[in-house]
Each structure stands twice: as C-alpha cells, then as structure tokens.
Amino acid sequence: MAVTPQTVEELTRAEPRRAGWIGAVLDFIRQRPLGAIGGGIILVMVAVAATAGLLAPYNPLENDYAAMLSAPNRDHWLGTDAHGRDVLTRILYGSRTALMVGLGASLIGAVFGALIGVGSAYFGGRVDLVVQRIMDVFFAFPVIILALAVVAILGTGVGNVILAIATPMVPRCARVVRSSALAVREMPYVDAARAAGFGHRRIILRHMLPNVMAPLLIMATAFLGEAILLESSLSFLGLGVQEPTAAWGLMLRGAAVEFAESAPWMAIFPGLAISLAVFGFNLLGDSLRDALDPRLRTQ
Amino acid sequence: MKRLARLLAIAAGALLAFTVQAQAPRSGGELVFPVPSEPPSYDGHREETFGLIHPFAPFYNTLLRVDPFDKGGTKPAPSLAESWTVSQDGKTYTFKLRQGVKFHDGSEMTSKDVKASYDKIIFPPAGVGSTRKGQYAVVEKVEAPDPATVVFRLKQTSGSFIASLLSPYNFIYKADILAKDMNWYEKNIMGTGPFTFVEHVKGSHVLGKKNPNYWDKGKPYLDGFRAVFMRESAAQVAAIRGERAQIQFRGFTPKDRDNLKAALGDKITVQESPWDCILLVTINHDKKPFDDKRVRRALTLALDRHEGSKALSQIAIVKAVAGVQVPGTPFATPPAELNKLAGYWTDAEKSRAEAKRLLKEAGVADGFSFTFKNRGIPMPYEPLGVWMIDQWRRVGLNVRQEVIEPAGYFGVIRKGDYEVAMDFQCGYIVEPDLDMYKFLSVDRNPANYGRYKDPVLDDLYDKQSRATSVEERKQLIRTFEKRLLEEEAHYLMTLQWNRIVPHSSKVRGWTITPSHYLNNTLDTVWLAQ
C-alpha cells in the first residue's frame, strides 16, 4: 500500500510516547478522552465491587418489612424494594455479580475462542474446514437464544450463567482470532519454529497466540458490556442469577414490574446501573480498538 | 288502580324476561386464559399441579364433581355418575352411571372404564404413578357388576369418602387403553369431556374445541379454548389488561387486582376467596443434618410467621398463619392455641434464640450452608423463598436458593435430590382426611417428599378419620398437628394463600372456590357479548 505524504508527515510529527505504563495511560487519556471516561466508569465499578462491604449501608440480604417499598429518603438514598431491602446496597453488591459474570464469561469465551481460532488457522485444511463449519452452526443462533439454550440445559445459578454467556462468545472470538492467526502463520518466525522442530503446542502457544492478543483483547473488552447486559436479561427472565443474590437484572423483575407505577425507584436505579456499566465498557472497547488496531491507527 | 297494578305486573314480567334473557348463556366464542405452569405429563392420576388441570381438565369427566356454582367448593354434584347410594353399614357405595356417554373416539363409556381408572388410582401396579392413592387406603375393592353400575367396597366407614371422589384429577380413562398400556395417558389425551383435544405446542399453548357429542346436551357453550403458557405474572396481567385473554384461573396479587381494576373499570369483575393452598417446606430426612429433629425444629422456629403474614400479604397471594387446616374452617386450630406451637410464637426473638440453641446443641455450626430448592413459579414461591432465606440467615444459616423449572421440579424432589425444598399442599376440598394425608409416612403416601416414616403420625391420622364425634376428631387433629409441626417438625408450614381472580366481565358461568383445581371443566362457562 502506498503511503500518502500526509500520513508520513503525521507520523513524523507525532509526539514522542511517554515511557512506562503511567505514561501509556496518560497518552491514552489524552488521545482517547471517551475511552478514558469509559475506563473511569469501569474503575469506579471495580472499586465499588471491591469495597461494597464497606460502602454499603445495609446487608444486601436483610429484609426490613417495616421499610418495604419506601421512596428514596435519608435512611435509604435510593429507596427500598418489596422486601424492604436497601436498593443502593443491592446495586453496590450487584456490581460484584455483574463483574464476576462479565469477566468470567469474557475470560472463558476469549481463552477457548483464541485456542480454537489459532488452532484452526495453524492446522488449516480439513481441520479448519470442520471447525469453521461448527462455528457457523453457533453463529446461526442469536446470542440470547444460545445463552437461553445453555441455561435450559445446565440450569440457573451464577456458574451456569457464566458458561451460558461464554458459549456464544467462543465462536465470535474464534473467528476474529483465526483471521489474524492466518496472517501470523505465514510469518518467518513461525516457519523458523517449525524448522527448529518445535511441537504444535509450543508453536501455537508461544509463537502464534501472543501475536493475536490485540484483536482478542478488543473483542473481550467489547464483549464485557454485552455479557453484563446478557446476565441482566437472563436474570430478568428468571433464568440467570437467583434470589436473594444481589444482581441488577434480578432487581428489575418480579415486584419491580408489579410496582413499576407506585415504586419506580425499584426499577430505575438498577436500570441506570446496567446502562452506565454497558456504556463504560463499550466506550473503552471502542477506544481500545482504535488504539490497538494498526489500520485505524494510521488513518 | 287495578289497571295500574296490571301494568306494573306486565312491566315486572317484561323486566324479568329481559333479565333472564340477558343472563341466559350464550353459545360461541373462544376462551383464552394464561396458565403459569406446564405439566410434566398428561396423566391426572399421577400429577398434582394446576398446570395439568387448567388446560387438560376440559378433555375429561370425573365420576363426581364439586357443584360448579358452589362458592364454598364442597357440595358434591353428579358428573358421570348420575346418582349414588350408601349401604346401611356405610361400607358400600353404589354409583349409577349416566347412559350414552361417549369417549372422544366414539366408544361408549361404561362401568368397566370407571373401574379401570379407579383401580389405576387406588391399586397402581409397579411403575405406574398414582400420587393420591393414599387418599383411598380405605377402599378394599372396586366392582363393576353391570355396565351402568360401579361399587366401591370400603374396609371401614369413612366420612370423607365422597369428598375424595370429588378430586378433579380422577379423570375417567378408557379401560381398553389402560389394559394395553397403563402409562398411555402420560403422553396422550382421550376422555369424555366437553372439549376435544386439538393440539399442545410445548411452551406455547393447548387448544381445545367443543365436543359436539357431549352428553350434557346444550353444553359446552364455548366453541373452544386456548390455554396459553405464561410463566411471568406480569405477562399474564398484561394479557388480561390488553384484553388478549379473559381470565387466569389460579389468581393474581392484590396489586395486580388493583392495577387491572384501575385500568379496565367495569370491564373487570373480581372474585375473591380464601384459598385451600399453602406452601410447605419439605426437609429431606435422609440428608444430614436434617435427619436430626432439633435442626428441623430450628428451621421452623426461625420463621416469624406473624410478621411475614403482615408484610407478604401486601405483595403476594398469601395471608393467614395456618396449621394443617385452612384457618376459619371447622377443624382448624384457633389462633390462640396455634400460637403455642414452636414456630408460631408471637415473640420472634425468643423463637430465634431457641432456634440458635437447638442448632448449637445439634452441632450445626454458625454459618452452616445448605441449598434450598424452589419451584420456578414466581408467585408466591419467589417472595416466600426470599422471606425464608432471610429468616434462616437470622439464626446463622447461610442458604443458597436454586430455582428449578416447574416441569422438572417434582422429578428432582421425588428422587430426593435436595436438602430442603419448597413443596405445597393444595386441596380441592377442605377436609382433614384429604388435607392431612400428605403428611403420612412415605410408604403410605408417595407424595411425602420428606421421605420419613412416622407410625405414630399415621395412627393419629387413622384415628381422626374414624372418629365418631367432632370434638374427638378435633382433638386428634390437634395432636397430629403438634407432632407434625413441633415435636418432629417433619414439614414446615408457611402462610395460607388468598385467592383473587380478576377476570373479564364477559366471562360468565364461572364461580370462584377455595381451590384453584375446581371448576376447570369449562362446560358451564360462556362469554357475554
């Protein structure tokens, strides 16, 4: 591809990068302010999840029927639900569930997707053909339908929900990673590794996988927001996390629907928490993609 | 003056005629109703869920039925049996069957079919499920001396025998089919009911159409019905509110009733009744530490039922604090006496302290964890589950809830694959024999999911059943209740239900009863214009 004079000029005019990870973060904030906002939201969410026990004014499982369906007030800043449980407390603890499910699902999906994608590209031929057709079968189902099917088979609960959400992520990661791995496979250092007599496992894990991490990271980050939304959807349908665990989607179902008109705070605040978290992960995911994708970086 | 009187008489007559005409049942239309649960099989003799009765009862008849217009839900009425007599010694019941009743395949229904159906219910062969066979332990044999007569011979007299024949689950099946395959009705439908089966699309709906050859001429009034499976109560309320469905026979919450009434005004008619239903906590006696009665007793002591009643009645379909009988009914323990039982004390702190002491004595550590299995029906299982888990938390127990889909729930519970689980006792008629047989030893009652054997309890049950005076029976029931709920704490009672059915004002010919298992044959139901 021909390099345009403007691109060369831009590249030569680019400011020198700061050294160290702090410098990289500062560069990212300056160059990607929206991504920085997303990162900030996620950092707050992580901090809240880690310190929910200290921040929360009440026990998330404690019913207080004397205060049931209370509107936001001095004692309960975001009101209480139908069992008198503090909505703020349950939102704070709910961030733990959201992160646990989101990170768990993304990690499992990314790891298995990467292994399948790299393996498929590395072996090629019939292996690639068969693996990709299997991936096509998974692609034929919308994400939520696939997750519902997995929950129907495995049952409800946090662990099963993580697996249910990770399942549709695997083929998506595998497809993205495979396309990068196809290019990496042709690199001289992979040929050199083969010539040196290294085994398949070593070539895949040591030489190919590290070189497809950028798209994988982008994919995993973008999927985190989607995973949180999926968890909320499954819990709202009664197929995800179960009561009395604090979970945002769970807070939107049952009495929150029944009392939507007379006690709207039961649905509004967890709804806002879901929106904010998904917004944060999407902003960060987009910015990471812009920052890490070489094609976008040079445009 | 005479002329005026005559005019008034004519006017009154015309008004009466108009009223009669206005109230006369109208034929036609399709009744659409949501059903919150889907049954595991089609066999009424085996199942115990309204998920079977609501969509599938219209395809069948029973020997007797509860009068569909009796709000108390206790008055026996003929169905396939036209009449019956009882012998002087009270041990032989003879039923004369209606003539000309045909199965949906065109074959004649005779006493052979009734005998085969009741033999399956009372004396099921190995491998054939019959959940209520314990209710008929008093029956020695069933005979069919001629095609129009069925005779039940009892081992001893029973005051509740006729009531037990009112079970809406006792569908009359075809003898020839049962002779070939006793389990055929688990997967197939073929009865004598007012509607014939069209289709069941799993997870979606059941369709029934009018049986043109129904024995009760002129009925049913409806052209057909569509039972739509909807798990979420919000979706059910929305269907009624949007006039896409006319009624949900199980019941709604007080809030749903108020919302529907506010939205639809006169288009909604509300029927309410005390409900012969209670959620129970079944404790697996085969699992440690629940084999220890001190632990079971601690579980019941942890529940503050009085606070729960006040709070949960505002958000769920539960209300009264109850023992083994529906509160307010003749054999129910008066509240003052009931409150003396462990778990019913009005001093919640004293109860919890005693619960903690018992747990410590039984060697159950603070923070002990167990899984509570709950049925995936939101109302009232979900709010009661949340309430109980918090109550147990207050005595130092750490409980995780696992919600299981309704269709698979009893499969799990029947296998004993649980520690503590939600169960229910819903009667089709308020009668101690029928309400209390649930708690008999597992070898007498397969629906005892606690899997315990308690000969003392069984003996008390038999004695109350044979008691000749009301007072004696009451005392025996009190003793039974004390042993069941306090001394052995085999089962835990939660709160009695309160039934609220807001339905389209177009739905006529349907009367609420204390049981959501009754009045689902739909033969008397019609739709006004």
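**A tour of chains A and B**

Begin by selecting A:Ile29, which lies in helix α2 (residues 20-31) of chain A; helices (H or I, at least four residues) and strands (E, at least two) are DSSP runs numbered from the N terminus. The model is predicted, so local features need pLDDT of at least 70 and side-chain atom pairs count only at pLDDT 80 or more, whereas totals for chains, interfaces and linings use all residues. Residues are numbered from 1 along each chain as its sequence is written, chains are lettered from A and ligands numbered from 1 in the order written, and side-chain values use heavy atoms, without hydrogens and water.

A:Ile29 is partly exposed, at a relative accessible area of 41% (buried is under 20%, exposed over 50%, partly exposed in between; 1.4 Å probe, protein chains only).

Next, select strands β1, β10, β9 and β8 of chain B, which form an open sheet of mixed pairing in the order β1-β10-β9-β8. Its edge strands, each pairing on one side only, are β1 (30-35) and β8 (195-201) of chain B; strands pair if DSSP finds at least two bridges between them. Within the sheet, β9 (residues 205-210) and β10 (residues 224-229) of chain B run antiparallel, joined by five bridges. Zoom in on B:Gly208 to find its bridge partner in β10(B), B:Phe225.

Finally, move to helix α8 (residues 254-264) of chain B, whose buried residues include B:Pro254, B:Asp256, B:Leu260 and B:Leu264. Just after α8(B), B:Gly265 takes a positive phi of about 55°.
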